[in-house]
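Q: Please take a close look at one part of this structure, the surroundings of the ligand. Walk me through what lines them.

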Amino acid sequence: MNDRAAQRRWILVTGASRGIGRAAALALAQAGFNVAAHCRAQPERLAPLCAEIEAAGGSARMLAFDIADRAACAAGIEADIAAHGAYYGVVCNAGLNQDGVFAGMSGASWDKVVHANLDGFYNVLHPLLMPMVRLRKGGRIVVLSSVAGLIGNRGQVNYSAAKAGLIGAAKALALEMASRNITVNCVTPGLIETDMIEQAPREELLKAIPAGRVGQPQEVAALIAFLCSDTAAYITRQVISVNGGLI
Ligand code: NDP
């Protein structure tokens with residue numbers, strides 16, 4: 001690591017292997033942060049991302065664990081902090097959906113979506129919060145919710161519940177952390193061009209988007225990087241949407 005990279009603050013980005021998380025990791029690196037990039041398994045998949053960050057003069061490292069697995073999250077995050085120190089920020093981005101009408105939804109489908117998206121909030125943030133507080137340097141927490149959490153989406157009762165829960169959790173945590181200069185905000189994307197929307201009925205959904213197109217991961221990443229910047233120090237407990245006018 002060069003001297004400049006060594007002085008930069010570290011931000012953990014969960015789900016950085018692709019989509020919005022990958023774009024956020026690059027935007028944060030461009031904004032001057034070092035990135036602890038996370039994915040579910042096979043951390044070597046993050047190698048090209050980390051190489052890109054390092055080639056641009058930043059520093060990056062890789063972590064892998066299932067955010068639905070509380071013990072694995074605690075072990076992975078605690079070991080990383082023990083080795084490298086506390087994070088300045090975290091982007092809770094990793095998430096998944098498993099769509100289907102509620103009448104036909106299995107308990108397993110409900111559990112899978114709630115465990116990853118909502119329990120993931122506790123599993124990821126709890127092990128890293130007190131080390132972040134003890135740094136006494138303020139901090140940034142950005143949570144990826146969804147417009148589904150604001151208005152509900154047909155065929156996404158499980159996902160809408162989990163994403164709405166994240167908004168309540170983030171707003172409550174923002175109250176607890178404000179005096180520590182740690183901001184907590186939610187970003188609620190609309191329809192963004194990633195693997196997650198591969199199965200979505202795109203043509204039908206486009207009719208509801210005034211901008212007439214899906215969004216790009218970089219358009220969400222720009223907001224995430226801004227919320228992590230020093231400029232955004234007075235923005236906390238907010239929910240900000242990137243959705244082309246969808247709602
Ligand atoms: P992608 O499906 O493209 O990527 C999901 C990322 O999350 C991957 O890095 C994946 O890791 C990781 N991940 C998923 N489940 C787990 C898990 N159980 N444990 C660890 N990592 C996991 O998603 P997007 O980039 O589209 O979405 C990013 C966030 O934005 C999500 O929270 C999503 O709900 C939200 N969002 C997305 C929208 C969209 O239209 N795309 C709209 C609204 C919200 P791996 O590659 O290892 O599987």
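A: Start with the secondary structure. In this predicted model, α2 (19–30), β2 (34–39) and α7 (157–177) each supply at least two residues of the shell around the ligand.

Next, the shell itself. The ligand is surrounded by 31 residues. S17, R45, N93, Y159 and T194 are the closest. By class, 15 shell residues are nonpolar, ten are polar and six are charged.

As for location, the largest pocket holds the ligand.

Now the backbone contacts. A polar backbone atom of N93 lies 2.7 Å from an oxygen atom of the ligand. N93 is also among the closest residues of the shell. For G15, a backbone N or O atom is 3.1 Å from a ligand oxygen atom. At G190, a polar backbone atom is 3.3 Å from an oxygen atom of the ligand. Taken alone, the ligand exposes 890 Å². The protein buries 96% of that area.

One further feature involves the loop between α2 and β2, two elements that supply shell residues. The count of aromatic pairs comes to one. F33 and Y88 form this pair, and the pair is stacked. The ring centres are 6.1 Å apart, with 10° between the planes. F33 sits in the loop between α2 and β2. Y88 sits in the loop between α4 (70–84) and β4 (89–92). The two residues are 55 residues apart, and the pair links distant parts of the chain.

Note on methods: Residues are numbered from 1 along each chain as its sequence is written. This is a predicted model: local features need pLDDT of at least 70, side-chain atom pairs count only at pLDDT 80 or more; totals for chains, interfaces and linings use all residues. Side-chain values use heavy atoms; hydrogens and water are left out. A residue is near a molecule or strand if one of its heavy atoms lies within 4 Å of it. A polar contact is a pair of N or O atoms within 3.5 Å; within protein, one must be able to donate a hydrogen and the other to accept it, and residues adjacent in sequence count only if both atoms are side-chain atoms. Accessible areas come from the Shrake-Rupley method with a 1.4 Å probe; for residues, only the protein chains shown count as cover. On a 1 Å grid over the protein atoms alone, a cavity is a set of points where a 1.4 Å probe fits but cannot get out, and a pocket is an open set with protein on both sides within 12 Å along at least five of seven lines; lining residues have an atom within 4 Å of a point. A molecule sits in a cavity or pocket if more than half of its atoms lie within 2 Å of its grid points. Helices (H or I, at least four residues) and strands (E, at least two) are DSSP runs, numbered from the N terminus. Ala, Val, Leu, Ile, Met, Phe, Trp, Tyr, Cys and Pro count as nonpolar, Asp, Glu, Lys and Arg as charged, and the others, Gly among them, as polar. Rings of Phe, Tyr and Trp (its six-membered ring) pair if their centres lie within 6.5 Å; planes under 30 degrees apart count as stacked, over 60 as edge-to-face and the rest as tilted.
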